[in-house]
Amino acid sequence: MANHFIRGFSLNSCVSKALSVYHFRYSTSCQHCWKCSNIQQRSKDKFFCSSCGILLNVAKYNYFDLLDVEKGYQVDQVALKKKYRNIQNQIHPDKFAQQSLEEKQLALEWSALINKAYTTLTKSVDRSQYLLELQGITISVENSHIDRSFLIEMMDLNESIDEAHDTEDIEELKARIENLIETQNHEIEQSFKADDYEGAKQSVIRLKYLLNIETKLRDKILHQNLQTK
């Protein structure tokens, strides 16, 4: 069979699938412009057609690639925020208020995906869970078993929060919880560096426990502050 080329790209199996449907969402290695039928590699502009400049259909990227940051547990939050703002400045729905219904819908879809990616990568616990999901590992009630000694420590912290009344006790608990959270974050980072995903999973589960306890303490502090006013 003779080789076919469209705008310099070989008509391989990926392109054939793209041409078979009008809305080609979630492509793998190439993207099909819904308006001019141009085929472009995903390594190029993620959002706009290189030929006609139209907003492309939403494609499936992992959140790190989508926001153009290095994949890993540690993420430069300043750089991440800058990337996020630059992208939203290009594809925010307000930019397409005068465009076609198709472009308006695509802008909404892209913007929602960008927001979700940014929110996920901003928080360490969500970022950790997402990294695990990329490895096919999910955390659920059924597989969130934790060692007994840690659970006892969490019960002790809960009781201490309930019994704490003066500022000194509360500040001591706050420092203790912050230290435990920092320890878990460090363990998560080391586990990912060593490709120890089971270890990372266990540390993420412990971190989630600690964050819930931290929220409980913050709520108590807020309640006490309101009472003193």
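Modeller: What follows goes through several labels, each set against its cut-off, and the model is a predicted one.

Colleague: What makes up the fold, and in which order do the elements come along the sequence?

Modeller: The protein chain has eight helices and four strands, and read along the sequence they follow the pattern β-β-α-β-β-α-α-α-α-α-α-α. Of the 229 residues in the chain, 40% are buried, and the accessible surface comes to about 13,700 Å², with 50% of it belonging to carbon and sulfur atoms. Among contacts between residues at least 6 apart in sequence, 59% join residues at least 24 apart.

Colleague: Why are helix 5 and helix 7 called roughly parallel?

Modeller: The axes of helix 5, residues 124-134, and helix 7, residues 167-193, cross at roughly 25° and come within 11 Å. Angles under 35 degrees count as roughly parallel, and helix 5 and helix 7 are therefore described as roughly parallel to each other. The crossing of helix 5 past helix 7 is left-handed.

Colleague: Which residues make that contact, and how do they divide into nonpolar, polar and charged?

Modeller: Helix 5 contributes Ser124, Ser128, Leu131 and Leu132, while helix 7 contributes Asn185, Ile188 and Phe192. The residues of this contact divide into four nonpolar, three polar and no charged.

Colleague: Why is Lys46 called buried?

Modeller: The relative accessible area of Lys46 is 17%, and buried means under 20%, so the label applies to Lys46. Lys46 is found in the loop between strand 4, residues 39-41, and helix 2. Leaving aside neighbours within four places in sequence, Lys46 is in contact with Gln31, Leu56, Tyr61, Asp65, Leu66, Asp68 and Trp110. As for Val58, 12 residues separate it from Lys46 in sequence, and the two are 8.8 Å apart in space, C-alpha to C-alpha.

Colleague: What is there to note about phi of Asp68 and of Asp195?

Modeller: Most residues other than glycine have a negative phi. Phi of Asp68, however, is near 55°, a positive value in a residue other than glycine, and Asp195 likewise has a positive phi of about 55° although it is not a glycine. Asp68 is found in the loop between helix 2, residues 63-66, and helix 3, residues 77-91, whereas Asp195 lies in the loop between helix 7 and helix 8, the latter spanning 197-228.

Note on methods. Residues numbered from 1 in each chain as written. Predicted model: local features only at pLDDT ≥ 70, side-chain atom pairs only at ≥ 80, totals over all residues. Heavy atoms only, no water. Helix = DSSP H or I, 4+ residues; strand = E, 2+ residues; numbered from the N terminus. Buried < 20%, exposed > 50% of the residue type's maximum accessible area, 1.4 Å probe, protein only. Contact = heavy atoms within 4.5 Å. Areas by Shrake-Rupley, 256 points an atom, 1.4 Å probe, with all protein chains shown as cover. Axes fitted to C-alpha atoms, helices over the stretch in contact; angles between N-to-C directions. Parallel < 35°, antiparallel > 145°, perpendicular 65-115°, else oblique. Left-handed = near helix turned anticlockwise from the far one by under 90°. Nonpolar A, V, L, I, M, F, W, Y, C, P; charged D, E, K, R; others polar.
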